[in-house]
Amino acid sequence: MTTEPNQSPYYITTPIYYVNDRPHIGHCYTTLLADVASRAQRLIGRDTFFLTGTDEHAEKVVNSAHEHDMTPMEWATHNATRFKDAFAQMNFSNDDFVRTTEDRHITRASAAIKKLMDQGDIELGDYEGWYDPSQEEYLTDTVAKEHDFKSPVTGKPLEKRVEQNYFFNLPKYEPWLRDQIESGAIKVLPEQRKNEVLGRLKQGLNRVPVSRRIKEDTPDWGITMPGDPDHRVYVWIEALCNYHTTIDTDDRRKYWTGDVVHLMAKDILWFHAVIWPAMLHALGERPPTLVYAHAYWIAEGQKMSKSLGNFIEIDTLGAYADTFSLDAVRWYLATQGPLGATDSDFAHARFVDVYNADLANSLGNSVSRVGNMIDKYFNGALDRTCNGEFGFEGGKALQLALKAREDANKPVDDPTRTFNFNEFTTNAVNRAINAYDDLDLESALRAGLDIVKHVDDFISYSAPFTLAKRVDDLEHADKALATILYSCAEALRIATLLLAPAMPSKSAQIWRDWNCTHLTDPADPNAAFVAPLRELAKWTGDHSIKPNQHINKGDTLFMRANPSDPAPEAAAPANA
Ligand code: MSP
């Protein structure tokens, strides 16, 4: 499958996060997925835009600001800064960070709401319903009853609210929505979530309240409903607009013309798969192309909650990064997280297992073995390349390696195995590119690790250390050895390209040690790539390891972890 990769612009968003509290693993996880996806698309060669930010006009921001003796704006700024810092700490490559209290958002979101009002999609009406203040949303009677009039998410009591409100006429768009989602024009993933959304659409739709009346006893907070100073725009409705308003500039508008990907957890899928596309359609805009809702992280087997105080905070992730490296944390989250429909457990023992298996014993060990052998047997530079099939003038590398094993009384069980690294790595690259299209980040990253495992397997089979003992008495053994080690190094080089979206710093470290020319600035892991992935990953192509290229042994990438060491702990955060 070597279809040309999609070259249209790629736009990916995360939810914008509430600023009533500080960031935790859940916020970091979704944003990490978007980061890995963006880095991958940039590597593939697509013009990519990655947006994240904060959602600031929620009523709960007013309440928590009050508890902290701050104005809502002060508290929002305090927490927005924590999110920005956390995302910088995680080395996220977002192209912008939007705050919904910024003028650029307020102006454009107001214009969108006004347009919907002018054309009759938003109208005034009476409303009585069950409101969940902790989630800032109205629930249907059925859902409220089902949960005993408590919030399905936080368990806090629901409030019966009677209001005169503005409403968005969602029912009008039901047939269109159904068609878009069923046909895959709006792809909803994972499949199970798509079925849930379609099931709920079949039950019929209600008008969506899009405003709240300001209360005299609380600070005025929110965007004024166009033409009605008594109402503020309901936070969800303006928040969704951020995806469109932030890129509504001459140089960014192109991002709405290619893949538009909204990423979030299952809690807020309905807003993204139903309400938002209907609003866009009403506004005459294209809907998103992919809406992806992952499941939740839980902690040591338990749901994370305020009352249990068991949130994995950014500071805990920081403590893990200090002990195991940031890229190891990124790897664990990206490959072991709740990307599919089931929740994932952040458990220390599991972290250590994955760290040792994938990073210390696999990638790290393989890179260090190959580097050490090239250093030891060839003073750090090979004088030849290999076509990936182990032939060279005058002999066959693999056959000589097997002969050396045989002579040393260590024959292999199956002497007929063949290894074609060129084909293996090309397939892995194609698999990764295809997996990235559906945000299947785990498979895409596994494709990189599969190359590493293939190299390990090949080293065990070809036993270069045995062959190395014969360079003086077995004809062509030196050439065979160089050919074998070249293949290992070149395959690992390609593997690191596929792993780089999750582990940009470690990959850049290997490329520096091995003098690989992948980045426009080798010293900066976040620098642009010099060519698209398919070019970079070509076996014996322009960016391959060259004869006499210096391969330095380098520092240990990942120290093996001791499973009985205690879990890293963070100091308690200041100003909770
Ligand atoms: N402000 C709204 C979103 C508006 S988007 C137009 C909101 N904010 S939030 O701060 O509550 O963030 C919810 C999102 O945080 C989830 O959809 C998910 O992306 C992330 N997570 C929060 N807790 C999580 C877990 N326990 N596990 C994984 N991700 C979770 O909703």
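**Helix α4**

I began with helix α4, residues 103–118, in this predicted model. At 1.5 Å a residue, its 16 residues should span 22 Å.

Next I asked which residues of α4 are buried. They are H105, A109, S110, A112, I113, L116 and M117. Seen down the axis of α4, these buried residues fall within an arc of 160 degrees, so they line one face of the helix. I then turned to the other side of α4. There D103, T107 and D118 are exposed.

I also checked what comes after the helix. G120 follows α4, and its phi is positive, near 85 degrees.

I moved on to pairs of helices. Two packed helices are described by the angle between their axes and by the distance between those axes.

I noted the crossing of α14 and α15 as right-handed.

Which residues meet here? From α14 I listed F421, F424, T425, A428, R431, A432, A435 and Y436. They meet L441, S443, A444, L445, A447, D450, I451, H454, V455 and F458 in α15.

**Helices α1 and α14**

α14 also packs against helix α1, residues 25–44. The angle is about 130 degrees, with the axes 11 Å apart. That makes α1 oblique to α14. This crossing is left-handed.

I looked up the contacts between α1 and α14 too. V36, A40, Q41 and I44 in α1 meet I433, Y436 and D437 in α14. I saw Y436 on my list for α15 and again on my list for α1.

**Residue Y11**

My last stop was Y11, in strand β1, residues 10–18. Is Y11 buried or exposed? Its relative accessible area is 0%, so Y11 is buried.

I then asked which residues Y11 touches, leaving out those up to four places away in sequence. The list is F49, L51, Y243, I247, Y255, W256, D259, V260 and V261.

I also looked up one distance from Y11. D47 is 36 residues from Y11 in sequence. In space, the two are 8.5 Å apart, C-alpha to C-alpha.

Key: Residues numbered from 1 in each chain as written. Predicted model: local features only at pLDDT ≥ 70, side-chain atom pairs only at ≥ 80, totals over all residues. Heavy atoms only, no water. Helix = DSSP H or I, 4+ residues; strand = E, 2+ residues; numbered from the N terminus. Expected span 1.5 Å × (residues − 1). Buried < 20%, exposed > 50% of the residue type's maximum accessible area, 1.4 Å probe, protein only. Arc of directions from axis to C-beta. Left-handed = near helix turned anticlockwise from the far one by under 90°. Contact = heavy atoms within 4.5 Å. Axes fitted to C-alpha atoms, helices over the stretch in contact; angles between N-to-C directions. Parallel < 35°, antiparallel > 145°, perpendicular 65-115°, else oblique.
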